[in-house]
Amino acid sequence: MKIGLLNGGGDCPGLNAVTHGVVGAATRLGWEVIGFKEGFEGLLSPVNCKTLKRSKTEGILKLGGTILGTSNRGRFSSKVGEGGVRKIPSEIMNEAIGNLRELGVEALVCAGGDGTLTTAMQFMEEGFPVVGVPKTIDNDLGATAMTFGFDSATQTVVDALDRLQTTAESHKRVMILEVMGRHAGWIALYGGIGGGASAILIPEIPFHYQKVAEALLDREARGFASSLVVVAEGACPAGEGKVYEETGGAGENRLGGVGESVAKKLGELTGKETRCTTLGHLQRGGSPTSFDRVLATRFGVKAVNLIEEKRFGRMVSYQQYHVGSVSIEKAVKKLNLVDPEGEIVRAAKSVGISFGDE
Ligand code: F6P
């Protein structure tokens with residue numbers, strides 16, 4: 001059998017480990033794996049695709065980024081603006097499917113987030129078999145308890161907070177760290193708890209500046225002159241919208257800037273010196289953690305198993321320590337959001353972390 005593999009959307013630590021898993025499992029079955037470059041775009045220029053040999057993918061599971069390249073803009077973007085979805089034009093779909101058939105590719109593994117999986121669904125609808133592998137540092141995909149990349153991104157946040165803490169203490173400052181998290185605040189939540197933040201601001205819990213300021217002043221009254229505040233890029237004050245760096249253009253609008261607004265406002269309300277650091281794409285770069293390497297490898301192997309069993313239209317899914325699968329359709333319908341009343345938020349509040357809501 002000949003199968004195709006591509007990565008779509010923003011990159012994420014662990015993508016190469018998925019490739020390692022797919023190639024390893026497929027090679028054992030005697031199959032050939034064709035890697036397509038730069039996401040779905042690669043299907044339109046098949047001259048750039050290549051056979052991924054086991055000998056050539058040896059050792060890549062440790063590498064950050066993706067040897068295949070990826071794209072979260074362009075002709076196959078199914079996500080536009082803020083939460084908008086568009087159909088990929090039929091002439092583009094026909095060309096891509098025609099190229100796949102000409103190459104003799106019988107099924108396609110698509111590793112990506114909700115945008116990539118929405119596009120993958122369209123391939124299924126138009127008669128081309130696909131299986132999905134969930135990927136996103138944001139951990140916001142429904143129907144899987146966790147995506148690979150999230151653990152690595154969280155570790156980067158914790159490392160940054162550990163560094164910010166020492167300089168915060170030296171200057172008795174409030175340090176704000178803006179992290180990724182478009183719809184879901186998982187990175188801010190896990191990173192903030194693990195890195196000892198005093199306040200965590202996430203998209204799921206609209207915050208009040210006054211409440212955050214009170215929490216910081218209360219800390220000061222208890223003898224802690226410095227504090228760390230983690231803000232997800234998609235967080236917003238109650239009654240206000242998200243802060244964008246750029247709107248319009250192909251693909252989703254670019255978030256960014258809420259950290260600076262929080263720093264300014266908290267400075268005014270507390271009278272303390274504040275500084276903002278935006279962690280940005282440092283969260284997406286670098287080597288995957290051991291957890292992500294193992295999860296991504298298992299995901300890649302499971303994708304091949306699904307093709308072997310002819311269970312197309314399925315997405316690999318991690319549930320209760322087990323790698324299984326769900327329908328892609330179900331997976332893209334529901335985002336995995338932080339429950340504001342859930343156990344993790346309650347645990348954070350119990351150790352004194354403010355979410356700016358009470
Ligand atoms: O992968 C998702 C994400 O990390 C979002 O949190 C963020 O808004 C986006 O990617 C940034 O993507 P880009 O690479 O286009 O700047």
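Student: Which residues line the second largest pocket?
Tutor: This is a predicted model, in which local features need pLDDT of at least 70 and side-chain atom pairs count only at pLDDT 80 or more, while totals for chains, interfaces and linings use all residues. Residues are numbered from 1 along each chain as its sequence is written, and side-chain values use heavy atoms, without hydrogens and water. A pocket is an open set of points on a 1 Å grid over the protein atoms alone where a 1.4 Å probe fits, with protein on both sides within 12 Å along at least five of seven lines; lining residues have an atom within 4 Å of a point. The lining comprises Ser78, Val85, Arg86, Lys87, Thr118, Thr119, Met121, Gln122, Glu125, Glu329, Val332 and Lys333.

Student: Which helix gives the most to the lining of the second largest pocket?
Tutor: Helices (DSSP runs of H or I, at least four residues) and strands (E, at least two) are numbered from the N terminus. Both H4 and H10 (328–333) supply at least two residues of this lining. The top contribution, five residues, is that of H4.

Student: How many charged residues has the lining of the second largest pocket?
Tutor: Asp, Glu, Lys and Arg count as charged. Alongside three nonpolar and four polar residues, the charged residues in this lining number five.

Student: What is the volume of the second largest pocket?
Tutor: A volume is the space filled by probe spheres set on the grid points, which are joined across faces, edges and corners. For the largest pocket this space is about 970 Å³. For the second largest pocket the value is about 160 Å³.

Student: Which residues lie closest to the centre of the largest pocket?
Tutor: Its lining contains eight nonpolar, 21 polar and 16 charged residues, and the largest share, four residues, comes from H4. Of the 45 lining residues, those closest to the centre are Gly10, Asn72, Arg182, Glu252 and Arg284.

Student: How many residues of strand E10 are buried?
Tutor: Buried means under 20% relative accessible area with a 1.4 Å probe, protein chains only. Ser227, Val229 and Val231 point one way from E10, whereas Leu228, Val230 and Ala232 point the other way, and all are buried. For E10 (residues 227–232) the number is therefore six of six.

Student: Which residue in E10 is the bridge partner of Ile200?
Tutor: Two strands pair if DSSP finds at least two bridges between them. Opposite Ala232 stands Val179, whereas the bridge partner of Ile200 is Val230.

Key
Buried means under 20% relative accessible area, exposed over 50%, partly exposed in between (1.4 Å probe, protein chains only).
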